[in-house]
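Here is a protein model to walk through step by step. Keep the structure open as you read, and find each part as it is named.

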Amino acid sequence: SLSDRLGGVFDRLRGRGALTEADVRTAMREVRVALLEADVALPVARDFVDKITEQAIGQNVLRSITPGQQVVKIVHDALVAMLGADASELLLDVTPPAVVMMVGLQGSGKTTTTAKIAKRLSSGAMGRERKKVLMASLDVNRPAAQEQLATLGTQVEVSTLPIITGQQPVEIARRALQAAKLQGYDVLMLDTAGRLHVDQALMDEMKAVAEIATPQEILLVVDSLTGQDAVNVATSFSEQVPLTGVVLTRMDGDARGGAALSMRAVTGKPIKFAGVGEKMDALEAFHPERVAGRILGMGDVVSLVERAAESIQQEDAERMAKKMAKGQFDMDDLRGQLQQMRRMGGLGALAGMMPGMKKAQNALADAGGDKILLRMDAIITSMTPKERAKPDLVNAKRKIRIAKGSGTTVQDVNKLLKMHQEMSTAMKKIKKMGGIKGMMAMLG
Ligand code: GDP
Ligand code: MG
């Protein structure tokens, strides 16, 4: 997978602060290969990589993940943004009938998708109002193509235009439009003839139909297994008719989803649906997150990176534990810990499970929580740098000075010193238990 590959590239970089230009360029070569393997068309992969290279350079690498994982996250986020930039609803808000026209190569799934969408609209799926839908097949090339749609129509309980043999596509479109208007249909779905590859005679026919039917939606239906040809398909169709969206079929198969990115890049139109099977309800809204994951061939790298911020807190806590065990935990560290406790995350939450730490936390709560924190902050500020580094130096005389300086009492200063003492002891216990990791393992 891409993360494995990037892991190799970045092994030597672990622990560095920011992604340098050279690092990113090396990584992006791997990203490009991954995109091509996922069937993203070459020019699309190239443009995409160029765009995100700039974005990635200089980004800080979170300490608890590898630079490779960080790059995967950057690439993933950019993919999601690109795949799902627009809302993907059918826009049928016009004086009826709204016309939806399906175009695409032969076998891409136009007829099947026509019936699936018709079913969705007529059943009022997803809480929308039920539409009265009429379907018409304009496919006079493939034998029994019109019958195929009629059969599906019966299955999904949606009307189809009666078949009159010998009529040409433009004539059928006119008749369908007429019928839809006269019989009060809300939506007319036009299923067009398939093309094996881009063919000018059929393109002209499609254009003529689009001109007389003025569709609100022209959906390009594309097999998600389409590889490098995707750019060619998308370009030819979008040059001939004003596409409004894309449907990707066979997403139930093992396609890596690269066609989705190619389609978005070339047409600039939203992917409105994904076909996920042959059955009539196997149509889904398009999920950019899922497809981005599929393209990168990664499982949980993204969530791993999202959890990294938490891990950093844990790392901090471990570093702190070491300092404490060595007796290096000073008042500045305590101040940091008190602030963290206030946020009630990381070490604070963990501390609640430890006997010594719990005492410290309870003392804090008893003393008024947030208010005492501010007071303690003032006390620490009133200490000299030497006293902060070595709290043992704080004798009775110094306590009076510190209390005066911070507007608190000697009792408050004592409380703070006691808390520091308790935390140090607790941290030594943690160390005996095998550090914070060992402790977490014991807690289960
Ligand atoms: P058309 O030539 O573009 O009209 O394509 P069809 O709608 O006739 O579909 C061709 C074949 O693909 C049929 O066997 C469909 O059942 C199948 N098909 C269409 N969409 C999907 C899909 O999303 N997943 C799967 N597995 N098969 C599909
Ligand atoms: Mg068909």
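Helix α4 passes helix α11 in a right-handed crossing. This is a predicted model. The axes of α4 (residues 67-83) and α11 (residues 288-296) come within 9 Å and cross at roughly 135°. That angle makes α4 oblique to α11. On the α4 side, the contact is made by Val72, Val75, His76, Leu79, Val80 and Leu83. On the α11 side, Pro288, Glu289, Val291, Ala292, Ile295 and Leu296 take part. Sort the residues of this contact by class, and you get ten nonpolar, one polar and one charged.

Now follow the chain on from α4. The loop between α4 and β1 holds Pro97. The peptide bond from Pro96 to Pro97 is cis, with omega near 0°. Most peptide bonds are trans.

Next comes the sheet. In what order do its eight strands lie? The order is β3-β2-β4-β1-β5-β6-β7-β8, in an open sheet with mixed pairing. At the edges are β3 (159-160) and β8 (283-284), and each of these pairs on one side only. Strands of a sheet pair through backbone hydrogen bonds, either parallel or antiparallel. Look at β1 (residues 98-104) and β4 (residues 187-191). These two strands run parallel, and five bridges join them. Take Ala98 as an example: its bridge partner in β4 is Val187.

One is α8 (residues 200-213), which touches β1, β4 and β5. The direction of α8 makes about 170° with that of β1. Another is α5. Helix α5 lies across β1, β2 (133-137), β4, β5 (217-223), β6 (245-249), β7 (271-275) and β8. It runs at about 170° to β4.

Stay with α5, which covers residues 110-122. This helix also packs with α6 (residues 145-156). Two packed helices are described by the angle between their axes and the distance between the axes. For α5 and α6, the angle is about 25° and the axes are 10 Å apart. The two helices are therefore roughly parallel to each other. Their crossing is right-handed. From α5, the contact uses Thr111, Thr114, Ala115, Ala118 and Lys119. From α6 come Ala145, Gln148, Leu149, Leu152, Gly153 and Val156. By class, this contact has six nonpolar, four polar and one charged residues.

Go on past α6. Glu157 sits in the loop between α6 and β3. Its phi is near 60°, a positive value in a residue other than glycine. Most residues other than glycine have a negative phi.

The axes of α9 (residues 230-240) and α10 (residues 258-267) come within 9 Å, crossing at roughly 35°. This crossing is right-handed. Helix α9 brings Ala230, Val231, Ala234, Thr235 and Ser238 to the contact. Helix α10 brings Ala259, Ser262, Met263, Val266 and Thr267. The contact has six nonpolar, four polar and no charged residues.

Finish at ligand 1. Which helix gives the most to the shell around ligand 1? The answer is α5, with three residues. In total, 19 residues surround the ligand. The closest are Gly109, Lys110, Thr111, Thr112 and Gly275. The shell has three nonpolar, twelve polar and four charged residues.

Definitions and conventions:
Residues numbered from 1 in each chain as written. Chains lettered and ligands numbered in written order. Predicted model: local features only at pLDDT ≥ 70, side-chain atom pairs only at ≥ 80, totals over all residues. Near = placed C-beta within 6 Å. Helix = DSSP H or I, 4+ residues; strand = E, 2+ residues; numbered from the N terminus. Nonpolar A, V, L, I, M, F, W, Y, C, P; charged D, E, K, R; others polar. Axes fitted to C-alpha atoms, helices over the stretch in contact; angles between N-to-C directions. Parallel < 35°, antiparallel > 145°, perpendicular 65-115°, else oblique. Left-handed = near helix turned anticlockwise from the far one by under 90°. Contact = placed C-beta atoms within 7 Å. Pairing = 2+ DSSP bridges.
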